[in-house]
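This report goes through one protein chain, from its overall form down to single residues. Keep the sequence and the 3D view open while reading.

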Amino acid sequence: MSLTQEQCETFWKSADINVDGFLTIQELAVALRGYRAPGSKLTDKDIAFMFNSIDKNQDHNISKAEFFEEMSKPPRSQTLKDTFKAFDKDGNGSLSRSELEAVVRASKCFKPEEIEAAIAEIFNTADINHDGSVSLEEFLSVVS
């Protein structure tokens, strides 16, 4: 989620009910439920996940600094698109097997002995149309 400074201020003023400079999970829940789109259902689990993602120091309060830092980040989809573009070395709009391998290695999510199997599995899963490359849409469908 990417909010402007003004949007962050507006949300913060309505959310910090006791005006102590911190948000509890209860304050966040009340504020989010007040801002949600009609027809959308925000569960307690969704709110807890968001709260814990923002509460970086895990003190069970969200400071204004933590909130503003998290809310000013670009949306995850944009970050993923930027990652895709960064690894699309030839700029053809798709990732070859070797370009995808660079993504896997850069992620540092796999042990060295797991890398080859992970690349094969990810490539086979992501290359939905079996054209030998992974398009942005295919990439997003796998990592989102």
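H130 has a relative accessible area of 66%, so H130 is exposed. The model discussed here is a predicted one. H130 sits in the loop between α7 (115–126) and β4 (134–135). Its phi is positive, near 55°, in a residue other than glycine.

Q58 also has a positive phi, about 55°, and is not a glycine. This residue belongs to the loop that runs between α3 and β2. Is Q58 buried, exposed or partly exposed? Its relative accessibility is 43%, so Q58 counts as partly exposed.

## The chain as a whole

The chain contains 8 helices and 4 strands. Along the sequence they follow the pattern α-β-α-α-β-α-α-β-α-α-β-α. The radius of gyration is 20 Å, whereas the globule rule gives 15 Å for 144 residues; the chain is therefore more spread out than a compact globule. Taken along the principal axes, the box filled by the C-alpha atoms is roughly 55 × 35 × 25 Å.

Of the 144 residues in the chain, 31% are buried. The chain exposes about 9200 Å², and carbon and sulfur atoms supply 57% of that area. Contacts can also be sorted by distance along the sequence. Among those between residues at least 6 apart, 41% join residues at least 24 apart.

In soluble globular proteins, nonpolar side chains tend to be buried together. In this chain the largest nonpolar core has 16 residues, and those with the most contacts inside it are F11, L23, L28, I62 and F67. Helices α1, α2 (25–35), α3 and α4 each supply at least two residues of this core. Which residues does L28 touch, not counting residues up to four places away in sequence? They are F11, L23, I47, M50, F51 and I62. Another core lies apart from this one; it has 12 residues, including L80, F87, V103 and F139.

I47, one of the residues touched by L28, is in helix α3. The relative accessible area of I47 is 4%, so I47 is buried. With neighbours within four places in sequence left aside, I47 is in contact with I25, L28, A29, L32, R33 and L42. I47 and Q26 are 21 residues apart along the chain, and their C-alpha atoms are separated by 9.2 Å.

## Helix α4 and its cover

Helix α4 covers residues 64–71, and its buried residues are E66, F67, F68, E70 and M71. An α-helix has 3.6 residues a turn, so residues three or four places apart point the same way. What covers the buried residues of α4? The cover includes α1 (5–15), β1 (22–23), α3 (44–54) and β2 (62–63).

## Aromatic rings

How many aromatic pairs does a search of the whole structure find? There are 4 aromatic pairs. One of them joins F67 and F68, whose ring centres are 5.9 Å apart with 70° between the planes, an edge-to-face arrangement. F67 and F68 are both buried. Ring pairs also link F11, W12, F67 and F68 into a cluster.

Another pair is made by F84 and F139. Their ring centres are 5.4 Å apart and their planes stand at 55°, so this pair is tilted. Angles over 60 degrees would count as edge-to-face and angles under 30 degrees as stacked. The pair links distant parts of the chain, with F84 in helix α5 (residues 76–87) and F139 in helix α8 (residues 136–143), 55 residues apart. F84 counts as buried because its relative accessibility is 3%. F139 is buried too, because its relative accessible area is 6%.

One ring has a charged neighbour. R97 lies over the face of F123, at 5.7 Å from the ring centre.

Note on methods:
Residues numbered from 1 in each chain as written. Predicted model: local features only at pLDDT ≥ 70, side-chain atom pairs only at ≥ 80, totals over all residues. Heavy atoms only, no water. Phe/Tyr/Trp six-rings, centres within 6.5 Å; stacked < 30°, edge-to-face > 60°. Buried < 20%, exposed > 50% of the residue type's maximum accessible area, 1.4 Å probe, protein only. Lys NZ or Arg CZ within 6 Å of the ring centre and 35° of its normal. Contact = heavy atoms within 4.5 Å. Rg over C-alpha atoms; globule rule 2.2 N^0.38 Å. Areas by Shrake-Rupley, 256 points an atom, 1.4 Å probe, with all protein chains shown as cover. Core = buried A, V, L, I, M, F, W, Y, C linked by side-chain atoms within 4.5 Å.
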